[in-house]
Amino acid sequence: MYFIANWKMFGGLNSLNSLHKVLKFLKGFKKNKFVKIIYCPPSTLIRPMSKKLKNSQIKVGAQNCHENETYGAFTGSINPKMLKDVGAKYVIIGHSENRKLGETNKLINAKIRSALKSDLKVIFCIGETLQEKRKKITKKILRQQMKLGLRKINNSKNIIIAYEPVWSIGTGLIQKSSELSKTITFIKKENKKYKVLYGGSVNPKNINELRFVDNIDGFLIGGASQDSKKFIDIIKKTYN
Ligand code: PGA
């Protein structure tokens with residue numbers, strides 16, 4: 001099972017101290033060989049975090065990247081090679097918080113290709129908005145996001161799909177697990193061989209239900225991942 005921590009725009013150098021607890025927990029955790037943990041901190045923390053986690057089973061990832069493989073005059077942007085250079089092994093692409101700012105399926109596709117070329121693994125986010133859910137077009141939206149986002153890409157080994165309903169992110173609202181099971185199964189049918197995670201308000205309470213979702217390969221965790229105690233609890237309870 002994957003447990004991916006998305007710290008979003010939170011955290012400074014002192015936040016790295018919280019990793020000690022997680023490392024300590026993993027050492028004593030019997031199931032630890034089944035657990036894949038990836039931390040995606042803000043770009044400013046990728047280097048110091050990967051140094052800290054060098055000899056551990058925890059990998060580090062970025063939260064976004066530019067679509068260019070080479071250097072260029074793009075103020076404020078970072079390309080996949082540069083992320084790799086400072087220790088990132090993964091990158092989140094297509095998060096709804098970036099789609100909201102204008103990131104299109106086409107741009108997401110270009111970013112995924114660029115990241116794969118630079119040897120980064122991709123956490124590809126998809127998900128419907130509340131409006132789309134109400135219109136009952138969730139499947140259509142997901143199918144379109146997957147079709148366009150993964151266009152001309154055949155690399156299921158290095159891409160993990162994260163299903164994150166936009167209305168679930170940071171709101172505390174989650175789908176019934178029966179409904180979620182259906183959606184995860186649908187995504188897996190559309191994209192055989194891909195790992196599929198769930199994200200959106202995952203916390204130590206609702207994990208007791210979420211862990212039973214059929215076919216789930218893990219979780220993308222935002223808010224709760226910034227608190228190492230909650231993050232550890234989520235991992236522990238998944239294997240209860
Ligand atoms: P959340 O965020 O767990 O705070 O809802 C998840 C995400 O945005 O990846």
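## Charge and surface

The protein carries 47 positive and 16 negative side chains, with the centres of the two sets sitting 4 Å apart. Here Lys and Arg count as positive and Asp and Glu as negative, while His and the chain ends are not counted. Each charge is placed at NZ of Lys, CZ of Arg, CG of Asp or CD of Glu.

## What you're looking at

This is a predicted model: local features need pLDDT of at least 70 and side-chain atom pairs count only at pLDDT 80 or more, but totals for chains, interfaces and linings use all residues. Residues are numbered from 1 along each chain as its sequence is written, and side-chain values use heavy atoms, with hydrogens and water left out.

## Overall fold

You'll find ten helices and eight strands in the protein (DSSP runs numbered from the N terminus: H or I of at least four residues for helices, E of at least two for strands). The radius of gyration is 17 Å, close to the 18 Å that the globule rule gives for 240 residues, so the protein is as compact as a globular protein of that length. That radius is taken over C-alpha atoms, and the rule is 2.2 Å times the number of residues to the power 0.38.

Along its principal axes, the C-alpha trace spans about 50 × 45 × 30 Å. Of the 240 residues, 51% count as buried (under 20% relative accessible area; exposed is over 50% and partly exposed is in between, using a 1.4 Å probe and protein chains only). Among contacts (heavy atoms within 4.5 Å) with a separation of 6 or more, 71% link residues 24 or more positions apart.

## Cys40 in strand E2

Cys40 belongs to strand E2, residues 36-40, and counts as buried at 0% relative accessibility. Leaving aside neighbours within four places in sequence, Cys40 contacts residues including Ile4, Trp7, Gly61, Ile92 and Ile123.

Thr138 is in helix H7, residues 138-149, and is buried, with a relative accessible area of 15%. Not counting residues up to four places away, Thr138 touches Glu128, Glu132, Lys133 and Tyr163.

Thr185 is in helix H8, residues 177-190, and is partly exposed at 25%. A polar atom of the Thr185 side chain lies 2.7 Å from the backbone oxygen of Ser181.

Technical notes. A polar contact is a pair of N or O atoms within 3.5 Å; within protein, one must be able to donate a hydrogen and the other to accept it, and residues adjacent in sequence count only if both atoms are side-chain atoms.
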